[in-house]
Amino acid sequence: MASLNSPMAPPRSFLWARRIFLTLLTGFVLVPVYVMVSSSLKPLADVTGTFRWLPSGLTIRPYIDIWSTVPLARYFVNSLIVSAAATVCSVVIAVFAAYAVSRYDFRGKRVFTVTVLSTQMLPGILFLLPLFLLYVNIGNATGIALFGSRGGLILTYLTFSLPFSIWMLIGYFDSVPRDLDEAALVDGCGPLGALLRIVVPAAVPGIVAVAVYAFMTAWGEVLFASVMTDDTTRTLAVGLQGYSTLYDVYWNQIMAASLVVSVPVVAGFLLLQRYLVAGLTAGAVK
Amino acid sequence: MRRIRAGATGAVALSLALAATACGGGSATGGGSNDSPKTLTYWASNQGASIAVDQRVLGPELDKFQKQTGIKVKLEVVPWSDLLNRILTATTSGQGPDVLNIGNTWSASLQATGALLPWDAENLAKIGGKDRFAAAALDSTGVRGKDPAAIPLYSMAYALYYNKKIFADAGISQPPATWGELVADGKKIDARGKAALGAEGANPSENIHHVFVFAQQRGAAFFTPDGKPDFTAPQVVDAVKSYVDLMATDKAIPTGDAEYAQNQSVSDFAKGRQAMLLWQSAASNLTSQGMSADSYGIAPVPVISGTPGSGTQVDSAFMGINLAVFKNTHNLDGATRFVRFMTSDAEQKILNKAYSSIPPVTSAQADAAFATPADTVLKSTLSASAAAMPQVPSESQFETTVGTAVKNLFADAAAGRAVTTGSVKAELEKAQQQMPAA
Amino acid sequence: MTTPTPTTTATASAETLREPPPGAAAREPRRGTGRIRRAALPYLLLLPALVLELLVHLVPMAVGIVMSFRELTQFSIRDWGTAPWSGLGNYKVSVNFDAPVGKALLHSFLVTVGFTLLSVALCWLIGTAAAVFMQDAFRGRGLLRTLFLVPYALPVYAAVITWVFMFQHDNGLVNHVLHDQLHLTDQRSFWLIGDNSFYALLTVSVWKGWPFAFLIVTAGLQNIPRELYEAAALDGAGVWQQVRRITLPSLRPVNQVLVLVLFLWTFNDFNTPYVLFGKSAPAAADLISVHIYQASFVTWNFGTGSAMSVLLLLFLLVVTGGYLLITSRGRRPARG
């Protein structure tokens, strides 16, 4: 771990600044989390009345009700499938593309990287309707159902995360010493062998970081999901809105459902955190 | 360099080719077919307490339909937040359901897209003719003079719901019949520490229904007879201002309601925090929130003076949900049969009972099931004092722009800023200029 | 497609290997990899990415640009290939700042710029400060790091809806604390409507965004050679001076990327304002993404909506281009 490595202890001003800053920041981060957890355990009357820090009574009722108010389990599975598939595809494709850019000189390389990067700037709203039309037309022409299916959503999401993923992986691959894959080439591996046996293993942290990013992009997206899914393929980001109905806003259930769907993601995220910090380093410091 | 350019040219050419194929839009299939006579896709709007409730209400009925006809109906209950977008994308692409629910207020707008099957005399004959339906209900399903774009399914009207106990505590013996009385009652209720009237200040659609009635009561309309927006006429400005003034000066509506957009005012009423609520067909909603039917009363929405009737005595928009057939349907006959099924007397009774709405089918309306005091009020409103929202193609834009203007004015009132004739007019002018020129 | 025939690429790459174009030479030396002669391979590797970007981004974008030149309303969307051309009509409407549509767009644009700059600045500031403060090990650092990642890891909808709950006028935590407990305000404030909505939006955006900056900067800090600090310490520089003289300059390359990415993401963010305010945002927080959404989907004017999007895209291209130009120019000499 890097450290400030000063021969003397940091001055008190620094320690105090650190203490105050980190305390405030922790409060800022945690208050919404606390609200989420405590509200999910409150009866409905508590969450529709004046806010109270401590529940008047604890109930796990919301955690039971969430499954019947909306088909949460189905939405969860949909989100999981869509996000996981989009992540895997995005990472694999980005690895190939980044390897090409990092290790080869070829005509059009600049055009490619600039084009890919510039798609980061596209306002989603500009291509929402055209993309929808395109999917429908592909469906009509080829019989491949992209619109309304998970496939279409996977395709869309994986391209959302692709540009940034490629960008980060190029940086990461650049930092893997070239001698390593050249040695592999000498040993008779093909270029793909070198990629898979040398570069990818050396770049695991970067790949994990990219995967987490790709997953979160797909997991939270609302706009495209609201138009491109139907009842059977609806994802969580859209489906959670079902808790505010024509009749009432079931705040406690919203909070419970949000927690239930967040816990696995946050847990996975935190497990991977070690890789994440390392992975983002190389990519960003390109 | 040369090769880069060649590559780029190739890419552009390919994109254009793909773009050209995308140009087809919904035109590929024109007028509907009977390619898949055994299935139907039905997009229902969310009418019940939740999507799950709707599925429970509609499921058994769809099973009945399948038993009768052998047609399997694939039901999707689409949340209101998504419904218009889904319909729009379906319209653009031609890829949509066979049958769908649309609100009264969207009917004319959606009719203009040409995506919905017009119900001409021949089609109407297949479902028993237009005389089965209340004329006012059928009038709200598209531009006057054109074939209806949809068939009425549930009719609803606004009514004044009041909490009997709060009224008694405040010494009010009967519900207010005029706005003046309502404001006066509001002061008494306020003195007892309760809120008088609820509103969904940040919900453009709710706002629009109310200011529409306020305008009617002043003999004004938001559109000229030939369908041009006319939002800044003095009576219209007065109407909007008077509605917002219920919060700004009359203090009948609590300022907190300015940010309500998710029916919190209904919960406030159900929980006994607020004495009155202007709502459409709230009975099953209130029941589901634990308010017993005998703890509240129901009365017509107030007017300026006199009693509800036509013209300036209008006290509600004619609300309703209609059933439309998508022109691109692959099962035209089945869709028509489904509409006939859903508007049959038997189904009308079951469905409207479940949603506490009124059947637009006159023979079903006469049924004893719709004779409760609440239904009586709603029925008389619908037949005598409800007016159809403007049936113009730009209705949905009107709803958005003016509804948002009212939302902004409520926000001003809530923040303690003065709501003046000038500020109201400025907001309405802005709304009018955002309307399409057509 | 950009995949040339094998023969042409073979020559192309042979040329490349002999005489790299000036642009490519700026990179690390890789001419030594003379063994790599299968010149079609890089194109094959790029193919999937290229095809997908083309399909999902570039072609729809082209279609969107075509749409922006058409009069595309509810009367024509059903068969938009035959919608009447409107030339530059949609653009004229969008940039006519005297008329309400243009005025509203300009207002929304300015709100977005202000919001984005503030949000990015705060995210960066908090993220950097936290990363620097947590560079030295102390008790509980691991726990804090984990905690700090939670906002980033929460699904957007769940995070934002929680804030909506907290910002409610009557029942929200924010008013409860500010008004009921601390008595800072005379009456409860509105956060989701009116002028305060800007601060509400900013708060949520920063809450969600700063952990990303924290993550990237934390990562960047690990790459700073510790010898630099040792040398500075020997020169008698205190902690604060070390931060100013070593940490911040060393983070420049990281920051260049970080700030740009944060800027683009925040500027185009749709999910946060949409969940926070719904389809029609209050004027004070009328972000351009929702504004254009409303222009196209709620008022059904897809032609104008597309034109607005194209203008937005042009703006972002110019800003990004300019940003990269300026930051890279300043960066090269520093690298030597």
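This report walks through a predicted model, chain by chain and contact by contact.

Residues are numbered from 1 along each chain as its sequence is written, and chains are lettered from A and ligands numbered from 1 in the order in which they are written. Local features need pLDDT of at least 70 and side-chain atom pairs count only at pLDDT 80 or more, while totals for chains, interfaces and linings use all residues.

**Confidence**

The model scores ipTM 0.85 and pTM 0.86. pLDDT is the predictor's confidence in each residue, from 0 to 100. Chain C averages a pLDDT of 81. In chain C, 86% of the residues score at least 70. Among its elements, helix 5 (residues 100-133) of chain C has the highest mean pLDDT, 94. Helix 1 (residues 6-18) of chain C has the lowest, 35. Residues 1-36 of chain C stay under 50, with 41 contacts beyond four places in sequence. Residues 331-336 of chain C are also below 50, and this stretch has three contacts beyond near neighbours in sequence. Where pLDDT is low, the predicted coordinates should not be read in detail.

**Chain A**

Chain A has 14 helices and zero strands. Helices (H or I, at least four residues) and strands (E, at least two) are DSSP runs, numbered from the N terminus. The C-alpha atoms of chain A fill a box of roughly 70 × 70 × 35 Å along the principal axes. Of the 286 residues in chain A, 55% are buried. Buried means that 20 or more other C-beta atoms lie within 10 Å of the residue's own; exposed means 12 or fewer, and partly exposed is in between, with C-beta atoms placed from the backbone. Among contacts in chain A with a separation of 6 or more, 75% join residues 24 or more positions apart. Two residues are in contact if their C-beta atoms, placed from the backbone, lie within 7 Å.

**Chain C against chain A**

This contact takes 101 residues from chain C and 92 residues from chain A. Helix 3 (residues 40-67) gives the most to the chain C side, with 17 residues. That side divides into 67 nonpolar, 27 polar and seven charged residues. Nonpolar covers Ala, Val, Leu, Ile, Met, Phe, Trp, Tyr, Cys and Pro; charged covers Asp, Glu, Lys and Arg; the others, Gly among them, are polar.

Helix 12 (residues 252-268) of chain C has 17 residues. At 1.5 Å a residue it should span 24 Å, and its end C-alpha atoms are 24 Å apart, which agrees. The expected span is 1.5 Å times one less than the number of residues. Its buried residues include Val254(C), Leu258(C) and Phe263(C).

**Chain B**

Chain B is divided into domain 1 (30-155 + 319-387) and domain 2 (158-317 + 394-433). The bounds come from an automatic or database domain assignment. The domain centres, taken over C-alpha atoms, are 28 Å apart. In chain B, 18 residues of domain 1 are in contact with 22 residues of domain 2. Helix 16 of chain B gives the largest share of the domain 1 side, seven residues. By class, that side has twelve nonpolar, six polar and no charged residues.

Most residues other than glycine have a negative phi.
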